[in-house]
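Welcome! Have a look at the structure, then read on.

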Amino acid sequence: MKEIKGFKMDFNFSEHQNMLRNEARRFLTKECPKTKVKELEKDEKGYDSVVWRHMAEMGWMGLVLPEEYGGLNADFIDLMVLMEEMGRNILPGPFFSTVALCALPILEYGNDSQKAEYLAPIGRGEKIWTLAMTESSGEYRASAIKAEVKLEGGEYVLNGDKFFVSYANVADYLLVIARTVKSKAPEKGLTFFIVDAKKPGIHIETIPTLTGEKQSRVSFKNVKIPGKDILGKVGQGWEMAEYIMRKAAVLKCAEVSGACQAILDMANTYAKERIQFGKPIGSFQVIQHQLVDMLIDVEGLQYLVYQAAWLISIGAPCDIQIAMTKAKANEVYRRIALSGIKIHGAIGFTMDHDIGLYYRRVLGAEFVLGDTDMYLEKVAANLGL
Amino acid sequence: MDFKLSEKEDALREEIRRFAKAEIPPDFVSNFLDEESRDEDWAFTMSISKKLAQKGWLVMAWPKKYGGQEASYLEQMVLVMEATYWGIPGLGMGISGTAWVGPSLMLYGNEEQRQKYLPPIASGDPDGVWCTGYSEPNAGSDFANIQTRAVREGDEYVVNGQKVWTSCAHRARWCWIAVVTDANAPKKTHGISLLIVDMKSPGVTVRPLLNYTGVHIFNEVFFDNVRVPAANLVGQENRGWYQLMQSLAYERHSVGAQIYGAGKRMLESLVEYVVETKQDGVSLSQNPVIRHKLSERAIELETLKMLSYEIAWKMSQGVIPIYEASRNKAYGDCLQERMANTGTEILGAYSQIDQNSRFAKLKGTIQHLYLLFPGITIAAGTDEIEKNIIGQFKLGLPKSY
């Protein structure tokens with residue numbers, strides 16, 4: 001009963017995507033082993049510049065950039081595959097902030113000279129970028145954005161504090177969203193600015209985190225920005241923020257999906273090796289069924305991520321699918337990371353073992369780009385509630 | 001990678017919608033499996049089966065020579081989702097024939113058997129209604145412990161024993177039965193065979209078992225010196241267990257799609273209900289707890305949809321979806337339980353009202369699901385058994401029992 005005809009749906013990755021995945025897995029396993037991840041947790045910069053350079057040489061930073069900017073012009077699904085592998089290996093560093101949070105919106109909303117000036121150096125791995133959006137509330141609602149920009153004598157002047165800015169400690173540029181016009185509707189009057197991180201008036205303070213992954217508080221005091229450094233149009237900020245959140249959320253979910261698969265693989269291997277009561281603990285149903293629950297969670301999450309990435313790649317509307325995917329990723333990552341620890345027992349609670357590295361990373365992934373409640377609300381609105 | 005339904009599948013969905021509007025009375029409530037209980041419900045269901053057969057939908061993925069359309073598994077999956085969404089009964093004709101007896105005969109039956117048994121199933125004929133004799137009083141989850149014996153005597157097998165929880169036995173013309181043919185086999189699983197038993201044979205007795213709502217879905221079936229032609233052996237003697245593993249994958253593979261279709265409809269009806277229902281002038285839909293619960297159910301449905309499509313896709317690649325079918329069954333069961341809980345919590349006190357009462361909300365579908373899902377969770381393999389299968393077949397874990 002084999003048949004193929006008329007079957008358009010395809011769950012396979014392309015040969016090229018499989019090659020990319022294999023290449024990424026080989027490279028990250030070799031160049032960024034867990035010993036390095038642990039070292040980097042204590043490192044001031046929070047990433048390895050040699051690994052970073054190699055990643056750039058392999059074309060990862062420019063993966064989805066057009067050829068004219070030195071990129072490989074690859075598909076969004078390719079980037080999703082890469083993020084899955086980075087998540088699997090919990091690669092620390094500013095890849096996500098540079099590519100997902102900044103390169104993609106520059107490509108979409110930048111004018112020709114901005115694209116020419118900024119994209120190629122990103123692709124070459126020479127410049128690190130990050131998004132300065134959230135403030136003291138840590139929330140991704142428009143009303144949470146209080147930083148202000150005023151036009152004074154032909155120049156824009158930025159004042160305010162941004163919080164939870166990822167890898168600002170090493171960033172060359174900040175993509176800052178701020179209020180240019182006060183308005184009753186919080187979504188109105190927001191604008192994006194490209195800001196050189198070394199400008200006078202910028203103060204960056206690292207926030208210690210559970211993982212050593214870098215987050216910062218960035219204060220802007222009378223920072224002067226020329227009009228040419230507006231990204232997109234004045235007042236277009238919230239539309240652009242939503243654009244960033246949509247794509248970046250899917251990529252973050254891919255990272256989570258890779259991490260979840262890694263946890264399952266580790267726990268499954270351990271359950272076969274660890275002997276208690278004279279048997280591998282994986283032969284006990286309580287352990288076995290926990291592993292199966294993890295598998296069902298992982299596969300469900302993967303397919304939601306793949307569907308969302310595919311919808312983005314073909315340019316189809318997919319707000320509800322993205323919201324569903326992020327809410328699911330948040331829930332699944334917590335559950336799987338905990339199960340992973342439990343199956344390992346006490347060894348899972350130690351610094352010697354790698355499984356705890358994942359558990360500590362859950363919260364950073366969960367609250368970036370919006371928490372579960374925010375995404376459940378988006379789903380509810382889409383359902384007509 | 002491509003998750004788009006083609007125009008063909010979209011057109012099929014549209015056609016099914018039209019069929020539902022034309023053939024299903026607006027006040028009809030599809031209570032899954034209950035149709036086997038009352039004669040008039042069964043007659044209506046079989047009349048729809050006939051019409052589905054005429055549309056070419058009953059067994060659309062089968063080869064044309066056996067009455068199918070050679071449609072893709074994806075089209076079949078879309079059909080199941082859409083038909084359950086609209087509450088169209090009759091796709092299963094009972095449940096056995098279209099879903100797993102037919103595919104199993106195509107996998108390991110002989111040509112003579114296919115010619116004889118497949119066309120009545122494909123045409124929605126009463127002679128195409130099957131029941132399945134697996135479980136016995138001492139062989140539930142421990143299915144290999146069956147005791148029903150079949151002893152070869154010349155050109156016949158003589159069958160003695162008892163089956164239980166046999167859905168549709170009181171409607172079926174044929175029984176697809178697992179029997180012990182070698183009681184001395186070194187392992188129980190090496191002595192099991194599959195037979196086809198004519199339910200009209202002398203020595204077959206069907207005794208109703210009512211479920212806890214008083215509905216007659218399943219039965220006890222007794223076999224007392226029932227003589228079965230040797231030609232009714234399916235596949236190889238004593239290889240039945242291994243053949244069955246494949247049949248069970250077929251049995252379970254579309255469970256997810258059924259739950260998805262019915263669940264999507266239920267979610268929509270709950271959304272409509274909470275939007276329209278007001279407390280102190282405020283719509284229930286403004287309650288954040290309700291909003292989030294319904295959103296969570298929507299996410300689970302979306303997940304089940306993708307897992308269902310994945311199975312159809314894998315089958316199109318020639319894969320027999322053993323762990324995948326168990327996965328979708330286990331996940332679907334979990335979803336139904338949550339849907340029933342969310343639904344009853346939203347209806348509140350109204351969820352305790354009898355389905356047929358004029359006071360019942362949403363045609364009593366919520367309480368029907370609440371009453372049905374525990375049974376569905378157990379049928380075709382408990383969640384625990386599904387998880388054992390997944391642990392063994394997918395995760396490569398040691399046998400846990």
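A salt bridge is a side-chain nitrogen of Lys or Arg within 4 Å of a carboxyl oxygen of Asp or Glu. The side chains of K305(B) and E302(B) are joined in this way, at 3.1 Å from N to O. Keep in mind that this is a predicted model.

- K305(B) and E302(B) both belong to helix α8 (residues 288-316) of chain B, where they sit three residues apart, about one turn of the helix.
- Both partners are buried: K305(B) is, and so is E302(B).
- In helix α1 (residues 7-23) of chain B you can find E14(B) and R17(B), also three residues apart, about one turn of the helix.
- E14(B) and R17(B) form a salt bridge too, with their closest N and O atoms 3.5 Å apart.
- E14(B) is partly exposed, at a relative accessible area of 35%, and R17(B) is partly exposed at 27% relative accessibility.

- E366(A) and R334(A) meet through their side chains in a salt bridge of 2.7 Å, N to O.
- This pair links distant parts of the chain, 32 residues apart: E366(A) lies in helix α10 of chain A and R334(A) in helix α9 (residues 319-344) of chain A.
- Is E366(A) buried or exposed? Its relative accessibility is 8%, and buried means under 20%, so E366(A) counts as buried.
- R334(A), by contrast, is partly exposed, with a relative accessible area of 42%.

- Over all chains, the structure holds 51 salt bridges.
- A network of salt bridges links E299(A), E310(B), K314(B), E324(B) and R327(B).

- L210(A), L363(A) and F367(A) make a nonpolar surface patch of about 270 Å².
- L363(A) has its place in helix α10 (residues 355-367) of chain A.
- With a relative accessible area of 35%, L363(A) is partly exposed.

**A cavity inside**

- How many cavities of 30 Å³ or more are there? The count comes to one.
- The largest cavity holds about 60 Å³ of space.
- Its lining residues include C32(A), Y47(A), D48(A), W52(A), G93(A) and F95(A).
- The lining of the largest cavity divides into 10 nonpolar residues, one polar and one charged.
- Helix α3 (residues 49-57) of chain A gives the largest share of this lining, three residues.

Technical notes: Residues are numbered from 1 along each chain as its sequence is written. Chains are lettered from A and ligands numbered from 1 in the order in which they are written. This is a predicted model: local features need pLDDT of at least 70, side-chain atom pairs count only at pLDDT 80 or more; totals for chains, interfaces and linings use all residues. Side-chain values use heavy atoms; hydrogens and water are left out. Patches are made of residues with over 30% relative accessible area and no salt bridge: like charges are joined within 9 Å, nonpolar side chains (Val, Leu, Ile, Met, Phe, Trp, Tyr) within 5 Å. Accessible areas come from the Shrake-Rupley method with a 1.4 Å probe; for residues, only the protein chains shown count as cover. Helices (H or I, at least four residues) and strands (E, at least two) are DSSP runs, numbered from the N terminus. Buried means under 20% relative accessible area, exposed over 50%, partly exposed in between (1.4 Å probe, protein chains only). On a 1 Å grid over the protein atoms alone, a cavity is a set of points where a 1.4 Å probe fits but cannot get out, and a pocket is an open set with protein on both sides within 12 Å along at least five of seven lines; lining residues have an atom within 4 Å of a point. Grid points are joined across faces, edges and corners, and a volume is the space filled by probe spheres set on the points. Ala, Val, Leu, Ile, Met, Phe, Trp, Tyr, Cys and Pro count as nonpolar, Asp, Glu, Lys and Arg as charged, and the others, Gly among them, as polar.
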